[in-house]
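Open the model in your viewer and keep the selection panel at hand. The tour moves from one stop to the next.

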Amino acid sequence: MTQFGIDFQLRVYTGMDENSDLPVSLEDWRNAARKALKDGPWGYIEGAAGSEDTMAENIRAFSRYRIRPRYLHNVEERNQSVTIFGKKQDSPFILAPIGVQSIIHRDAEYASAGAAASMHVPYILSTVSSVSMEDIAKKYPESEKWFQLYPGRDENIMKSMVKRAEVSGYHAIVVTVDTTMLGWREQDLRNAYLPFLQGEGIANYISDPEFRKRLDKPPEEDINSAIEEFLMVYVNPAFSWSDFRKIRGWTDLPLIVKGISSWEDVNAAIKYGADGVVISNHGGRQVDGAISTIEALDEVTDNRNVSCTVLFDSGIRHGSDAMKALALGADAVLIGRPYCYAMAVAGQRGIERYIGELKAELDLQMALAGYESVTSLSRRMIFKKHQ
């Protein structure tokens, strides 16, 4: 991938781009997605907690971190590969777990998992996916897949899902800890829209043997009762580090804590057996007024040797954002809302196009700033503005 960015540009400039009907700029993707979706699904994807200040700050904070270009370095050959949990990946991008994708596109998680497989990036399937983990695994058996677990009220269901993920060939478990209940999301409240109430996003539950034991009738006969039961067990405000330790005992797969933004919680995650952490605030969907994730990453990694894999989520929109996060100590970065925009516009093809754009932009950014590889990026190349 030594000339990825240049090759991408030339296909566009010479009229050889087979996807010339698709957007290039993120704002164009966003605008096209808005036109493609009804108010309910759009608000669910685009909305955030409260005043939506955290979501805005996630993006705004990147502008306070500036890249120091270095010149007269040989950057003819570039390499943006990274190694995560012992596996080499072509690029530092990972598709974040986003649930209920049936409200975005008719192909649901088949589209995003397919794009990830095609573009050789890891894919994290949400607990609340519209397609079961087994069905995704059957369709894309060779791709790098992780399973995201929401800690629910029923330990038997959680353990069952972890074991199902193992058997299905998922390579890591990502425990999301910042969603012990749904945040105050005004767009969803305004639209009176919660897709779970329509039975969307519960495929992993209605296919789970432990969940089905809780039902008087199978979901096929009484879906409304299944939805009600799902809402009872979906999240757990009482979940604690001692509960996380139990999950550690259920699997030998890499175990990742997603949704933390302080050194204290990173330290606790390591103490209780995590192999990795995702610095994330759920895209601003949970705590209004929270610290931005890029500033949280900066604090976590500043003058510290973090003894686990560090991933970054919430706010990546451009190659420069990824470059800054990687320079500040992230081993890889998760992409969230932007791939949903692309999915809404053109399904799997849209996501593949957007990932290609990100890879091309990062390639050019690295070269023009004087860095030939992701591994050569460091916090020495970052200047932080003080307001």
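Is Val12 buried, partly exposed or exposed? Select Val12: its relative accessible area is 36%, so Val12 is partly exposed (buried is under 20%, exposed over 50%, partly exposed in between; 1.4 Å probe, protein chains only).

This is a predicted model: local features need pLDDT of at least 70, side-chain atom pairs count only at pLDDT 80 or more, and totals for chains, interfaces and linings use all residues. Residues are numbered from 1 along each chain as its sequence is written, and side-chain values use heavy atoms, with hydrogens and water left out.

Val12 sits in helix H1, residues 4-13 (helices are DSSP runs of H or I, at least four residues; strands are runs of E, at least two; both are numbered from the N terminus).

Next, select strand E6, residues 145-149. Five of its five residues are buried. Lys145, Phe147 and Leu149 lie on one side, Trp146 and Gln148 on the other. In a regular strand, side chains alternate between the two faces of the sheet. Tyr123 has Lys145 as its bridge partner in E6.

Now go to helix H13, residues 263-271. Its buried residues are Val266, Ala268 and Ala269. Down the axis of H13 they fall within an arc of 160°, so they line one face of the helix (the arc is that of the directions from the helix axis to the C-beta atoms). Glu264 and Lys271 are exposed on the face turned away from the buried side. Finish at Gly273, which follows H13 and has a positive phi, near 105°.

Definitions and conventions
Pairing = 2+ DSSP bridges.
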